[in-house]
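Please view the model first.

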Amino acid sequence: QPSHEPLSMHTAAQESFVKRNEFEDRSMTRTHAIRVEKHGGPQQMKWVEVDLPAPAKGEVRLKNLACGVNFIDVYHRTGLYPMAMPTGIGLEACAVVEEVGEGVTGLKTGDRVAHGTGPIGAYCERRNFPADKLIKVPESIPDQVAAAMMLQGMTVEYLIHRTYAVQKGDFVLLHAAAGGIGTIASQWLNRLGAQIIGTAGSPEKLELAKAQGCHHVINYRTEDWVKRVKEITGGQGCAVVYDGVGKDVFLQSLDCLRPRGYMVTFGNASGPSPDISPLLLSQKGSLFLTRPTLMAYTATRPELELSANRVIEAIAKGWVKMKVGHTYAVKDATQAHRDLEGRKTTGSIVLLP
């Protein structure tokens, strides 16, 4: 499932909402946003009216067109990645620039833009946002696709190009292959010429994974998937495992790698991966283990542009076709989270203001 970052990447950058007081401040714009008062279940997300000040230096005001939903949003809400409360929630959206703050260059009113690395607070109608975190979106890419492509698309980009650079012919084990990241990764890995082994938890999701480009699919709930991987790879193992699931598959995944293979654990949909001794990596074949984050791979403006432009190119050239599987109103984000946590969704989830 989608990409998942630790709390330190977002805490300092959290969006603050200004509550209305009894006297109207004419510099404020009234809008609505999802606000979380305390960590907990989906019911902690409230659709409230807030006042938005004029954009500060280096910011623009955005009017959202569509907002992306990702598993990291669940982690922020529940406190797995604790946030200072109260807070907004959500990391990606497609929006139009309504107002430009002092010192902003390269953007103007009316530009259509997207973002996927925070600051947190995307579940809203309008917000102020750092201009240097925004990417202009070509007209050929629809709003819903633009809202869903940034966090998941850039996560796939750094995973397959920069964490481990997948080569033609590499065997790749991709967990949660029918999820948002899985469907993007399957298509993109196909373009690179990889041999993709995808796992999922139901026959329907296996069919979806196969349709998106997985050459082999395994039901990890009903099959001995480690044995199957060894059979598929002729006993050699995979060059890399991409694991957004965590606890339920982490240790077994180590047994699916070839010597000096890469274990890339980038999420924990089933819970955090267990602690292991570095000696275990030696015993299982001098393995590499990394726990990367999107924020670390897009920390500078050049890195952000590199990643985003690769995603835009992949979509524009048809290498990746985004599947927006579910849409909800932003005010119904509670139901979107219930469905996401209940494993009732496939592809990407988008909220519409």
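Buried means under 20% relative accessible area, exposed over 50%, and partly exposed in between, with a 1.4 Å probe and protein chains only. The model is predicted: local features need pLDDT of at least 70, side-chain atom pairs count only at pLDDT 80 or more, and totals for chains, interfaces and linings use all residues. Residues are numbered from 1 along each chain as its sequence is written, and side-chain values use heavy atoms, without hydrogens and water.

**Salt bridges**

The structure holds 16 salt bridges (a side-chain nitrogen of Lys or Arg within 4 Å of a carboxyl oxygen of Asp or Glu).

**Cores**

A nonpolar core is a set of buried Ala, Val, Leu, Ile, Met, Phe, Trp, Tyr and Cys residues joined through side-chain atoms within 4.5 Å. The largest has 77 residues. Tyr-123, Met-149, Tyr-242 and Leu-351 have the most contacts inside it. Helix α2 (residues 143-163) gives the most to this core, with 12 residues; helices are DSSP runs of H or I, at least four residues, and strands runs of E, at least two, numbered from the N terminus. A second, separate core of 20 residues includes Trp-225 and Met-263.

**Ser-348**

Ser-348 lies in strand β15 (residues 348-352). Ser-348 is buried, at 2% relative accessible area.
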